[in-house]
Amino acid sequence: MNWAFTSSGNVTETYAAGLLRAMLEIPSPSYQERALGDYLVRTMTDLGFRAHIDGVGNAVGVIGRGDGPTLMLLGHMDTVAGGVPVRSEDGVLYGRGAVDAKGPLAAMICAAAGAADFPGRIVVIGVVEEETPRSRGAMAVRATHDRPDALIIGEPSGWSSVVLGYKGKLDLRYTVRCPATHPSNPEPKASELAVVCWEALLDLLGPDAGHDVFDRPGATLCRLNGDLTSATADLSIRVPPGFDVEALVRGLRERLPAGSLEVRNSVAACRVGRADPVVRALVSGIRQLHAQPRLKVKTATSDMNTLAEVWDIPMATYGPGDSSLDHADDEHIVLSEYLRGIDVLTSAISELAHLPTRPDHDPAGEAPLRIRSLR
């Protein structure tokens, strides 16, 4: 028996904690994930995966044990910039990425490595550039991998919660240039036109728009640079399922007296129902640890959106960690909750072993959610 595993075939708690700490000690801000990817390939190989770095830098590990269903576990390796000194204190592990999202990814690796009885294929992927507008790692996965039979996205939901959906995202850039003129000239200046663009967007979205409710859009003025002759505004709009993005862009362009409006990125909202097989498997795992599962939807966006655009399969997002600590200067994870997350994933993998290889899942008819989360 490899020292990393218990006699029952599960990864030991000591190994799991050491894996996460080692991952935190390797800085991996977006576009600089290669060192972490190489480490994860070595680690997954030692744990029995067939592992490699793919063409865009994703770390891919595969365990195949038969002709059963294919389960994909996908988390991201990259973090936002800025270091958080790695340290362990009173059962809490600090470090950049502890919750977003190295903790969930480490939990997935440990759970998959211990799934000795899974009759099909388990594919674990640490993707690059999730924290960037383009999500290049997840885009490459959906373009190059066969559609799995089920998918779990690794993001911090809290060990006893499951995320059923995310708002979509629309990123716009407004650029305008005006002739040089005196400030007292009544003609509109570039900086003023950028403000007009922002105000027009807010008017189009309506007075009920905001980031605090899943079913309504919310806008953010991310960047505004301008003077009398030139200005640029970057606008980000989080949109609910069914939102007409094309109509919004068309309406905003009609209101702009000058300049150009560029769509820089657009990803649709996604949401599955509580009867989704992946949701049920995760909920069952949480209940086995004697907790009351909570179901959430989030007003942010994740790689679940990117993959749901092309894969109509059972899926949900899960991972240990408090998402309110995403990007925080004291980002940390409670190790006992991290270990519970591994147990929940282990149980869910076991239940998903019975999933049909060609599911016919339609979340459209599910009852609406009553529990909502802002993150």
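**Chat about the model**

Author: Let's begin with Tyr31, which counts as exposed because its relative accessibility is 57% (exposed means over 50% relative accessible area, buried under 20%, partly exposed in between, with a 1.4 Å probe and protein chains only). This is a predicted model, in which local features need pLDDT of at least 70 and side-chain atom pairs count only at pLDDT 80 or more, while totals for chains, interfaces and linings use all residues. Residues are numbered from 1 along each chain as its sequence is written, and side-chain values use heavy atoms, with hydrogens and water left out.

Reader: Thanks! Where is Tyr31 placed, and what is its phi near?
Author: Tyr31 is in the loop between helix H1 (13-24) and helix H2 (34-46). Its phi is near 80 degrees, a positive value in a residue other than glycine. Helices (H or I, at least four residues) and strands (E, at least two) are DSSP runs, numbered from the N terminus.

Reader: And Glu129, is that one buried or exposed?
Author: Glu129 counts as buried, because its relative accessibility is 7%. Phi of Glu129 is near 60 degrees, also a positive value in a residue other than glycine. Glu129 sits in the loop between strand S6 (121-127) and H4.

Reader: Which peptide bond is cis?
Author: The one from Asp100 to Ala101, with omega near 0 degrees. Ala101 is in the loop between strand S5 (92-94) and helix H3 (102-113).

Reader: Switching topic: how many disulfides does a search of the whole structure find?
Author: The search finds 0, where a disulfide is a pair of cysteine sulfur atoms within 2.5 Å. For Cys197, the nearest cysteine sulfur is that of Cys222, 12 Å away.

Reader: What does Leu256 contact?
Author: Leaving aside neighbours within four places in sequence, Leu256 is in contact with Tyr174, Cys197 and Leu261 (contact means heavy atoms within 4.5 Å). Leu256 lies in the loop between helix H6 (245-255) and S12, and counts as buried at 13% relative accessibility.

Reader: Which residues touch the most other members of the largest nonpolar core?
Author: In that core of 90 residues, they are Leu40, Ile152, Leu282 and Tyr338. A nonpolar core is a set of buried Ala, Val, Leu, Ile, Met, Phe, Trp, Tyr and Cys residues joined through side-chain atoms within 4.5 Å. A second, separate core has 25 residues, including Leu235 and Val239.

Reader: Which residues lie nearest the centre of the largest pocket?
Author: Glu130, Thr132, Lys169, Arg238 and Thr301, from a lining of 40 residues. On a 1 Å grid over the protein atoms alone, a pocket is an open set of points where a 1.4 Å probe fits, with protein on both sides within 12 Å along at least five of seven lines, and lining residues have an atom within 4 Å of a point. Among the elements that give two or more residues to the lining are helix H4 (136-144) and strand S9 (168-177).

Reader: You mentioned H4; what about Met139?
Author: Met139 is in helix H4 and counts as partly exposed, because its relative accessibility is 33%. Beyond neighbours within four places in sequence, Met139 is in contact with Arg134 and Thr306.
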